Amino acid sequence: MEQEKYVAYVCTYTQGDKHGIRIYDVDMEQGHFREKDKVEITNSSYVTISHNNKYLYSITDFGVESYRIMGDGDLSMINFASINGMRGCYLSTDYTDRYLFVAGYHDGKLTVLALNDDGSIGEITDEIFHKGLGSVAERNFRPHINCARMTHDNKYLLVADQGMDHVNVYRFDPLGGKVMLADVIRSAIESAPRHIKISRDGRFIYIVHELKCYIDVYSYEERKGQPVFEKIQTIDTVDMEKGSSNASSALEFSDDHKYLLSTNAGDNSAVLFKVDEATGMLTRIFCLPVSGDYPKDASLFPNNKYLVSLNHESNDMTFFRVDMEKGTMVMNGAPIHVNVPNCILFHKLGNV
């Protein structure tokens, strides 16, 4: 049986380098990367792949760019589109790949753009500025949108606002690409909800909180045309007795959705949870150091045998062999230098 082949896309800020996306061949057996190409783009703070696996979308200065994913994993640029605001920090598509959602941390703006059949980005269909005052503490006093993600039934857009300590739930109109506020999931004051993930079957919502370093787990269903969210668990991403200087960052499912991974800056650790797919509940497997500074993102390899950490402040990626049964994570080879990395995506070649 032929070995499945993967590439990894790593997006970075461009400080003295024009190449904001780097493409790596993934060695699944040895648990390491080899750089194969790089793409000229400014300050790629986040990337996402369409659900049909044909296109990659990236944040760039003043807007977003679309790319066709080639057979060997290389990227061919399609077009650029403005988001009519400050540079975004997160983007995702709806489940029909007809719309692109962009979260704006700096200006608290949600932008919805149409997507065309050829993967190109079209016109803005809606834009909303979050308003209000949060708790007056450093940055947490005005809206900062950090994530926008659609529920699996393609009915509601979940938008995490770190500054306001809540997740806005927007009803989504797929005909016009418009959103309308339907509900608010409120978090603790100064908890800073950062990223959202959704279980494979769509029944559970996971929200990681940057400042209080925990994950809230919610059940989700629609009753009589209304979204209903019920909190079923809160679990720490780090041992809080180590102090309050920690900040949770990443939130990523394993390829098979059996594990959920997060990271902690300050503590500079990766924390891995086992997911009970029937109940949605999380059980911590380990919380161990990543041998780097500020792990902004991390991911398990698709075979769950290795882990890579993107260390934003030490400008490198570190690799580990993981053993789920023993709860261990052991350094695997030398780090790879990469300037201010932001996020990583694995892509299986031929996966269209």
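What follows is a short chat about the pockets in this predicted model.

User: What kind of model is this, and what limits apply?
Analyst: The model is predicted: local features need pLDDT of at least 70, side-chain atom pairs count only at pLDDT 80 or more, and totals for chains, interfaces and linings use all residues. Residues are numbered from 1 along each chain as its sequence is written, and side-chain values use heavy atoms, with hydrogens and water left out.

User: What volume does the largest pocket have?
Analyst: About 980 Å³. A pocket is an open set of points on a 1 Å grid over the protein atoms alone, where a 1.4 Å probe fits, with protein on both sides within 12 Å along at least five of seven lines. The volume is the space filled by probe spheres set on the points, which are joined across faces, edges and corners.

User: Which residues are closest to its centre?
Analyst: Arg149, Glu252, Asp255, His257 and Leu345, out of 33 lining residues (those with an atom within 4 Å of a point).

User: Which strand gives the largest share of that lining?
Analyst: Strand 29, with five residues. Strands are DSSP runs (E, at least two residues), numbered from the N terminus.

User: And the second largest pocket, how much space lies in it?
Analyst: About 410 Å³. Of its 24 lining residues, Tyr13, Asn146, Arg194, Tyr294 and Lys296 are the closest to the centre.

User: Which strand leads there?
Analyst: Strand 20 supplies the largest share of the lining of the second largest pocket, three residues. Strand 16, strand 24 and strand 29 are also among those that each supply at least two.

Note on methods:
Helices (H or I, at least four residues) and strands (E, at least two) are DSSP runs, numbered from the N terminus.
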